[in-house]
Amino acid sequence: MKAIKVTLGGTVYHLVFNGAAMFDIEDKYESTTNLLDALQGRGRESFMALCDAVCILSEHGELARRALGYNSLDIPSADKIKAIITPADIFALRQAVVAAITVGFKRDVKSEEYIDLGLLELEQQKGKE
């Protein structure tokens with residue numbers, strides 16, 4: 001599991017962007033891109049989008065931790081997130097949300113089945129000469 005750790009109000013939360021988080025974000029914002037665009041603003045709407053994102057990603061982070069056998073921790077509500085985020089937290093949280101989404105979209109393909117078709121074709125051509 002790839003998670004971004006953040007500390008809010010003295011509590012550590014794990015932000016995870018997995019498939020379920022992606023669909024929760026799409027249900028609310030129609031796309032991840034729309035959420036990221038909403039985070040770029042400076043007003044109340046941007047703050048609310050940040051709170052939503054932290055809430056969604058921390059919920060899925062905690063659910064993923066539990067699925068992996070870790071001890072259960074708090075899943076914060078949107079109201080709790082709104083109450084504990086300080087103005088000083090906003091910039092770092094925006095970065096953490098973007099980092100969690102970026103990490104979630106990265107692929108780690110570790111397969112011994114990987115075949116470089118171009119190299120295979122080149123080796124076959126050399127064998128014919």
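Buried means under 20% relative accessible area, exposed over 50%, and partly exposed in between (1.4 Å probe, protein chains only). These views show a predicted model, in which local features need pLDDT of at least 70, side-chain atom pairs count only at pLDDT 80 or more, and totals for chains, interfaces and linings use all residues. Residues are numbered from 1 along each chain as its sequence is written, and side-chain values use heavy atoms, with hydrogens and water left out.

**View 1. Helix 1 packs with helix 3.** Helices here are DSSP runs (H or I, at least four residues), numbered from the N terminus, and strands are E runs of at least two. Residues 19–29 form helix 1 and residues 44–67 form helix 3, with axes 9 Å apart. Among the residues that meet are A20 and I25 of helix 1, with M48 and L57 of helix 3; contact means heavy atoms within 4.5 Å.

**View 2. K28 and D52 form a salt bridge.** Such a bridge needs a side-chain nitrogen of Lys or Arg within 4 Å of a carboxyl oxygen of Asp or Glu. Here the N to O distance is 3.6 Å. K28 sits in helix 1 and D52 in helix 3, 24 residues apart. D52 is buried, at 14% relative accessible area.

**View 3. R65 and E62 pair within helix 3.** Their salt bridge spans 3.0 Å, N to O. R65 is buried at 10% relative accessibility, and E62 is buried at 3%.

**View 4. H14 lies in strand 2 (residues 11–15).** H14 is buried, at 14% relative accessibility. Its contacts include I4, L57, E62 and R65.

Methods. Axes are lines fitted to C-alpha atoms, for helices over the stretch in contact, and angles run from 0 to 180 degrees between N-to-C directions. Lists of a residue's contacts leave out its neighbours within four places in sequence.
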